[in-house]
Amino acid sequence: APNYPSIDELGRRLGESSLRDQTVNDARRLQQSGQSASAVQQYQRALEGKPATPELQLEYYQALAATPQGWDQARRGLQQLAQQNPDDPRFALAYAQHLTYRDVTRREGIAQLAKLSGDSSVGAAARKSWRQALLWLDARASDAPLYQTYLQLAPDDAAVKARFDSMVQQDEAARERAQQNAAVDARGRTI
């Protein structure tokens, strides 16, 4: 059946290489060399009108995410892959990692990575991405639990601890300034 999603896999088992395989290999080479836009075009050509395995879709969305205009479409695609493959945490990991690449979704990605950190197959990668996302985070006082949860698992992580301590110090300094300003304002009103 020509529309069978694993037709290329069957061909490979028989020792055949399809045009699609060659196109996907070209896309992979382009992606590895940092040419994301060209890689996306090759993936699109390979996927054109043909069912694709979830793994190939994942590659495509990860390449698309690296392009200037592809982040949101990649987010939707990765989210759909994660939902369609709930028994394979690789897709949930890719989606969570993707969310951490933008400030507006970073906290959501951190929460998902924290959950995935206990998974036996993707836990180590999730913890590594979780750590990186905490270092990227434009942290505020309300983010303290995100750091505290991570530091319970990795109390010796000096970089994350320093980032957390810096956030706490900035918050305390802002509170002190606010109190001083309030006191000055109160004195000004009594005069």
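Start by selecting Tyr43, Tyr60 and Tyr61, which form one aromatic cluster. Rings of Phe, Tyr and Trp (its six-membered ring) pair if their centres lie within 6.5 Å; planes under 30 degrees apart count as stacked, over 60 as edge-to-face and the rest as tilted. You are looking at a predicted model, where local features need pLDDT of at least 70, side-chain atom pairs count only at pLDDT 80 or more, and totals for chains, interfaces and linings use all residues. Residues are numbered from 1 along each chain as its sequence is written, and side-chain values use heavy atoms, leaving out hydrogens and water.

Stay on Tyr43 and show its contacts (heavy atoms within 4.5 Å). Leaving aside residues up to four places away in sequence, Tyr43 touches Val24, Ala27, Arg28, Leu56, Glu59, Tyr60 and Ala63.

Next, look for Trp130 and Tyr150. A search of the whole structure finds five aromatic pairs. In one of these, the ring centres of Trp130 and Tyr150 are 5.1 Å apart with planes at 80°, so the pair is edge-to-face. Trp130 sits in helix H8 (residues 123-136) and Tyr150 in helix H9 (residues 144-153), so the pair ties together parts 20 residues apart in sequence. Helices here are DSSP runs (H or I, at least four residues), numbered from the N terminus.

Finish with Tyr147 and Phe164: their ring centres are 6.1 Å apart and their planes at 35°, so this pair is tilted. Tyr147 is buried, as is Phe164.

Notes:
Helix = DSSP H or I, 4+ residues; strand = E, 2+ residues; numbered from the N terminus. Buried < 20%, exposed > 50% of the residue type's maximum accessible area, 1.4 Å probe, protein only.
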